[in-house]
Amino acid sequence: DRTIRQIAAGEVVERPASVVKELVENSLDADANRVSVAVDAGGTEGVRVRDDGVGMDRDAVRMAVDEHTTSKISDIEDLEAGVGTLGFRGEALHTIGAVSRLTVRSKPRGGDEAGTELRVEGGEVTDVRPAGCPEGTVVEVDDLFFNTPARRKFLKTTATEFDHVNTVVTQYALANPDVAISLEHDDREVFATEGRGSLEATVLSVYGREVAESMTRVDHEPDAGAVASVTGLVSHPETTRSARDYLSTFVNDRYVTARVLREAVLDAYGGQLAADRYPFAVLFVAVPPDAVDVNVHPRKMEVRFDDESGVKRAVESAVESALLDEGL
Ligand code: ADP
Ligand code: MG
């Protein structure tokens, strides 16, 4: 019933940034080349994600907001193989629709049908109609938690909520240099990547020239017996910030947080960092899929490695070599 639905929604949708994460994942799953995210008041008033992906026809739009529907698992073997697409639970749109005013506009790529617009308010579909729209999908989420005042009360300031949104969109931009990803806050552009496939260009778009120019490549052949291969970019030890939000780590191309990765990066800088300063790093760590547990805490994106100290050595030595090459 409605109450259970609203409680369940809280598990998936904690704050505007969780809405943004689910919508951006859907756009990437839909093979988009361009994903535009726009939020108002840190996302507390509105979130809009527009993509040029495969789109949906009328039936697919209706199904997308139903409970437990996903087009991404066709059979149990997919599940066991560890689904390649980002989302697979089939409940994100449904749960978001339960706690907001949701509008989906979509039109299939390359088809000649009209587009479809569907509205959901607090879990009830209030309108479905043909609509003129470009190919791809736009999802708008307004007034998040309007019908769950207790949850709404837990939202932090606009600035804090926007920080979380910015972190999420930044991670997806860095992980997908071949997709043009942009972020707007209250009608101002925060960043826009070109989507031409270069990590350097993406870092330039996201973090600006000063940071981009201080970055050095991590691309060493792993040592013999290394349990992970490590590539990416790390900044000069003097190009730092006071928050650790600029350490982005991806395991098998998925954004993750892991204390061992953070420690490895910081240890590689040795004594070169000023107290309480953190470098910029964008690191892609590749390990055999069975050597990492990604389900420690799905929402928080924590992972655990079978061989934590092996992974730490591999990351630390890769970053150290990169800094050494620069004479640092
Ligand atoms: P999941 O992503 O786990 O399948 P969601 O609730 O996030 O579940 O989405 C439900 C379904 O709606 C997806 O499986 C997909 O078929 C469709 N869908 C959602 N967003 C998009 C999009 N941006 N473009 C195309 N299809 C989408
Ligand atoms: Mg999804």
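**Exercise 1. Determine which residues of helix α10 (residues 259-268) are buried, and how they are arranged about the helix axis.**

Solution. Begin with the burial criterion, by which a residue is buried if 20 or more other C-beta atoms, placed from the backbone, lie within 10 Å of its own. In α10 the buried residues are Leu 261, Ala 264, Val 265 and Ala 268. Viewed down the axis of α10, these buried residues fall within an arc of 95°, taken over the directions from the helix axis to the C-beta atoms, so they line one face of the helix. An α-helix has 3.6 residues a turn, so residues three or four places apart point the same way. The buried residues of α10 pack against β12 (247-251), β15 (281-286) and α11 (308-325), where a contact requires C-beta atoms, placed from the backbone, within 7 Å. After α10 comes Gly 270, whose phi is positive, near 55°.

The model is predicted: local features need pLDDT of at least 70, side-chain atom pairs count only at pLDDT 80 or more, and totals for chains, interfaces and linings use all residues. Residues are numbered from 1 along each chain as its sequence is written, while chains are lettered from A and ligands numbered from 1 in the order in which they are written. Helices (H or I, at least four residues) and strands (E, at least two) are DSSP runs, numbered from the N terminus.

**Exercise 2. Describe the packing of α10 and α11 by axes, handedness and residue class.**

Solution. First take the axes, which are lines fitted to C-alpha atoms, for helices over the stretch in contact, with angles running from 0 to 180 degrees between N-to-C directions. The axes of α10 and α11 come within 8 Å and cross at roughly 35°. Next, the crossing is right-handed, meaning that the near helix is turned clockwise from the far one by less than a right angle. The residues that make the contact include Val 260 and Glu 263 of α10, and Val 311, Val 315 and Val 319 of α11. Finally, sorted by class, the contact has 9 nonpolar, no polar and 6 charged residues, with Ala, Val, Leu, Ile, Met, Phe, Trp, Tyr, Cys and Pro counted as nonpolar, Asp, Glu, Lys and Arg as charged, and the others, Gly among them, as polar.

**Exercise 3. Give the strand order of the open sheet of 5 strands, and identify its edges.**

Solution. Strands pair if DSSP finds at least two bridges between them. The order is β9-β10-β15-β12-β13, with mixed pairing. The edge strands are β9 (215-218) and β13 (254-256), each of which pairs on one side only. Neighbouring strands are turned by 20° against each other on average, direction ignored. Helix α7 (residues 158-175) lies across β12, β13 and β15, at about 55° to β12.

Methods. Buried ≥ 20, exposed ≤ 12 C-beta atoms within 10 Å, placed from the backbone. Contact = placed C-beta atoms within 7 Å.
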